[in-house]
Amino acid sequence: MMPDFSVAIIGSGFGGIGMAARLKRAGLHDLVLLERDEALGGTWRDNSYPGAACDVPSHLYCFSFAPNPGWSRSFSPQPEIWAYLNRVAASERVTGHIRFGHEVTAARWDPDGQLWRLEFRGGAAGGCPPLTARFLVSAAGPLADPMIPDLPGRENFAGTVFHSATWDHQHDLTGRKVAVIGTGASAIQFVPRIQPQAGRVDLYQRTPPWIIPRRDRAITPAEQWLFRNLPLTQKAARTGLYWGRESYALGFTKRPALMRAAEKIALRHLARQVPDPLLRARLTPSYRMGCKRILLSNDFYPALTQPNVALVTDAIAEIRDKSIVSRDGTERETDTIIFGTGFHVTDFPVAQRIWNQAGVSLAQQWTSGTGSGTGPDAYRGTTAPGFPNLFVLTGPNTGLGHNSQVFMIEAQIRYVAGAVRYARERGAARVEVRPGAQAAYDRTLQRKMRKTVWETGGCRSWYLDSGGRNVTLWPDFTWVFAWQTRRFDPASYEVSDS
């Protein structure tokens, strides 16, 4: 059966745009990107909260095939990254392949047609009729669906509530009694921005993060000119940044004791910025640095020392219509709640919408343990047994704690493009990873994981699934992953025309 498209890609962030650009450069133009929103950009479109910026150096956080000589700072702010993605999509002629307002509600493998059938919210009545594709690439990303904890009484709150990823820019915080729940990467950035205007900020902290100074600066016009007119200088800068960041993997994945040196830097940073010993003690982590995500900030700690900010370390017992009650019985008047509680990462929400020929979703296969492990797992972080012609970008165990995620995405993109090319050159209709190959890959990966700071650091992080298994991060150097995925390995797959 002839599909509507050779390749359908879910999502239009870094993964979706990069995948489409790679395929088009290889001569495949029969593709479509399916975007649920009305604009491209993924997480860098959605996360527009005050102070939103990247914590990976700018020259690393871009495609290798599309360097940006015009970054304004060493750590890029959100508007610049979003603008960069729009420019790349336009220059690579990807924008015309995007169907906006197309939220995939179901992708089902049709064994008779050897293709994927995709359905959309609203269906044909909403202007989104079903379509078919030979290959399906999920580029939805792990930071796509905000996670809001189910706190007692949350539904009774009479004030304004929003998540950092769905920031309500129409809601004026001037003079407000604001409760910020969570002290992750987003809260670290927006709390210093809202503190001067809010009447009061109560910051609810479950576990203190490790925070190191943010070595950010403006990139000078002279540097921008040099990068624009002598591209090799920008490439050299990128290479130096990459290997500098890559060295961090030694502490994360090989010898966690090496993190002690970075801990000393973080503790000095804390001591300089928080003179109150009691507050400083509540902000001091008790686990090894790197076990949770390391955060970068120069203004978070000073914001917490301001008279209109209170750090609350007691758990939330109840949310009432105009207040929040902590477990020690203290009731704090509140009119605005901002959740900085991260995303659904380990449960991969898009996996709940992808179904194999037996009517089993990818999420069900992962949670039932019918795969090689007891949670999400994928060969090369990309393919899963039982799901032919499906590729997942930023899939299980492809996240990073030390380097640029874009590097990992590009490695996967090369691998997927190689698989599609291999199948098309041979007229094959079906490509499916062998269960044995996946099981062997996962055993090696989990063996490496046992040495990492995420397993030995003494914390409970969002990297771990409900069973305590790290299904999020890559436990090695990134160049190792790039080497493993440098070309498609057909011996690990069943490749056939039926």
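What is the handedness of the disulfide formed by Cys291 and Cys459, left-handed or right-handed?

1. This is a predicted model. The S-S torsion of Cys291 and Cys459 is about -95°, so the disulfide is left-handed. Their sulfur atoms sit 2.0 Å apart. The structure holds 1 disulfide.

2. The placement of the two cysteines deserves a look. Cys291 is in the loop between α9 (277-282) and β11 (295-296), and Cys459 is in the loop between α14 (453-456) and α15 (478-484), so the bond ties together parts 168 residues apart in sequence. Cys291 and Cys459 are both buried.

3. Cys54 is in no disulfide; for Cys54 the nearest cysteine sulfur is that of Cys62, 10 Å away. Cys62 is likewise in no disulfide, and the nearest cysteine sulfur to Cys62 is that of Cys54. A disulfide requires sulfur atoms within 2.5 Å.

4. Burial of these two is also given by numbers. Cys54 has a relative accessible area of 4%, so Cys54 is buried. Cys62 has a relative accessibility of 1%, so Cys62 counts as buried too. The cut-off for buried is under 20%.

5. Phe343 is a separate matter. Phe343 lies in the loop between β16 (336-339) and β17 (354-355). With a relative accessible area of 16%, Phe343 is buried.

6. Which residues does Phe343 touch, leaving out those up to four places away in sequence? They are Asn47, Pro142, Leu143, Ala144, Asp145, Pro146, Met147, His163 and Ala165. Leu131 is 212 residues from Phe343 along the chain, and their C-alpha atoms are separated by 29 Å.

Key:
Residues are numbered from 1 along each chain as its sequence is written. This is a predicted model: local features need pLDDT of at least 70, side-chain atom pairs count only at pLDDT 80 or more; totals for chains, interfaces and linings use all residues. Side-chain values use heavy atoms; hydrogens and water are left out. Helices (H or I, at least four residues) and strands (E, at least two) are DSSP runs, numbered from the N terminus. Buried means under 20% relative accessible area, exposed over 50%, partly exposed in between (1.4 Å probe, protein chains only). Contact means heavy atoms within 4.5 Å.
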